[in-house]
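I opened this model to look up salt bridges, aromatic pairs and surface patches. My entries follow.

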Amino acid sequence: MQNNLNNLELNKIIERFENIEKNLKLDESRISGVPWWDLIRYPLFEELLKKKSNFDKKEFFFHNYLIKKLINIKRFLKDLSTLFSRKSALWVKNNSIILWGNPRRKKENNFYIDIYSEPFIKLFKNKGNFVIIEKEIGFGHYEPTQNKNLYYGDQLFALAHLFSFFKISIFKKKELLIISELERQIYKSYSVKIDILKLAKNKIKRWLVIYPFMKSFFKYKKIKGFITAGISENEAIIAAAKSLGITTLDLQYGSYARGKMNYDHTSAIKNSSFPNFVLTFGNFWSSKFSFPIPENKLISFGYPHLNEKYDKYSHIKKENRLLIVSQGLEQIESGLVEFALKAKDFFPKNLIVEFRPHPSSFFKKKSNYFKKLRDNNVLISNKDADLYESFAKSRWQVGVYSTTLYEGLKFSVACFVLQIDRYQFMQELVDQNLARYIKSPKDINLNWRLDNKKFNDFFSDISQKKINKVLSLFK
């Protein structure tokens, strides 16, 4: 049985964490010249939450160290052998604006699209010389794709590792003492042990490989701009671009919340690896949360992909449909499956209960709950089914803290948040009466309707003025 953190407990965890980082001045600390706290702050806090909530670690397909090592060597050799292939990032043209794409593409009309990068680029109508570089996820890239300006970055990373093959990072005694003190303070505050040294070594080693190589690549190609859709794992590339005076932007791709430490900088610590600008979905995100950049560098831009989907599906008539939106963490998924089974028994037979698995669930070896749901007449969304069509049909949605829940509001889907771990990330939505906390199906009020005017600030309209403003940043 998982241990759900209540509001008080979560707030204390966050505040103690921020006190530790400020007291130790971790944002000023460098190890081997690397701003290591930028790199480990988010994964360390996530690991801390897992341990305090009794979350199990995420399952992996391979547990044998030797097998994983052999797979990585095979992938490395494959990437080197395709160094000069047509889609290699080595062929990116000079003076390009690089958008570091999201490799978890979605299938639409027989093609796989990057829902963050490609709808964004379309707005500029061939102005700005945008290209997408994408690194593979899992065992390859999603294909076929339509974008002609798509390149793969796997070969770049393989070349970077080749050049730095003999590079060794040796921690100095005073650097080890900083990490040792951090481990001591974490244990003292939370009574959990985390191998922070191992985490730091892995992150620093990767930085020392990627940062100098990407800096040379950006300089050689005379890159004009660098855009990410998510900063986690991209810190070294962002910092490399910034070191050359290249404008860096981040496209909002998920929901910000108090305690999501990749973006939450309420403690006012510095972050040298953070992009120069952030393009948010709307005014709500720009005004409610604390970023390590000035407010005038937060641009309420909008969400191009969501706008396209709304135009396509908003005319669809609503059904008596309850959509349950799952997430990748196993414990959250289990809690939502349990809720779906109870909901099917609790509500009238003419109410459709649809369960939307997280994309990763379709590739797990143990998604045995699929059969259990079907046997109880719960509809499971097809792997390639369009989420937004389901929103257009649905009157109600249930989830925990998925960004998808905010998107459902755009389609006037009443939002209910199941109170299992991390549900507090939705507190802002509940405070504005745009969502309600629930513990079981009996807490759902089927007569509740949203006031559409209340969530206009979540997703701004995209104007030509905003598009021109973004273009001007790269001149």
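I started with R321. R321 is buried, at a relative accessible area of 7%. I use buried for under 20%, exposed for over 50% and partly exposed for in between, with a 1.4 Å probe and protein chains only. R321 forms a salt bridge with E319, and the closest N and O atoms are 2.7 Å apart. The rule for a salt bridge is a side-chain nitrogen of Lys or Arg within 4 Å of a carboxyl oxygen of Asp or Glu. E319 is partly exposed, with 27% relative accessible area. I also noted a network: E18, R258 and D264 are joined by salt bridges that share partners.

The model is predicted: I took local features at pLDDT of at least 70 and side-chain atom pairs at pLDDT 80 or more, while totals for chains, interfaces and linings use all residues. Residues are numbered from 1 along each chain as its sequence is written, and side-chain values use heavy atoms, without hydrogens and water.

How many salt bridges does a search of the whole structure find? It finds 21. I looked up R184 and E181, which meet at 2.8 Å, N to O. Both lie in helix α6 (residues 173–190), three residues apart, about one turn of the helix. Helices (H or I, at least four residues) and strands (E, at least two) are DSSP runs, numbered from the N terminus. R184 is partly exposed at 43%, and E181 is partly exposed at 25%.

Next I checked E428 and K288, a salt bridge of 4.0 Å, N to O. This pair links distant parts of the chain, with E428 in helix α15 and K288 in helix α9 (residues 283–288), 140 residues apart. E428 is partly exposed at 26%, and K288 is partly exposed at 42%.

Then I turned to aromatic rings. Rings of Phe, Tyr and Trp (its six-membered ring) pair if their centres lie within 6.5 Å; planes under 30 degrees apart are stacked, over 60 edge-to-face, the rest tilted. I get 43 aromatic pairs by this rule. W100 and F226 have ring centres 6.1 Å apart and planes at 55 degrees, so this pair is tilted. W100 is in strand β1 (residues 97–100) and F226 in strand β6 (residues 225–228), so the pair ties together parts 126 residues apart in sequence. Both W100 and F226 are buried.

Last, I looked at K125. K125 sits in the loop between α4 (117–122) and β4 (130–134). K125 is exposed, at 66% relative accessibility.
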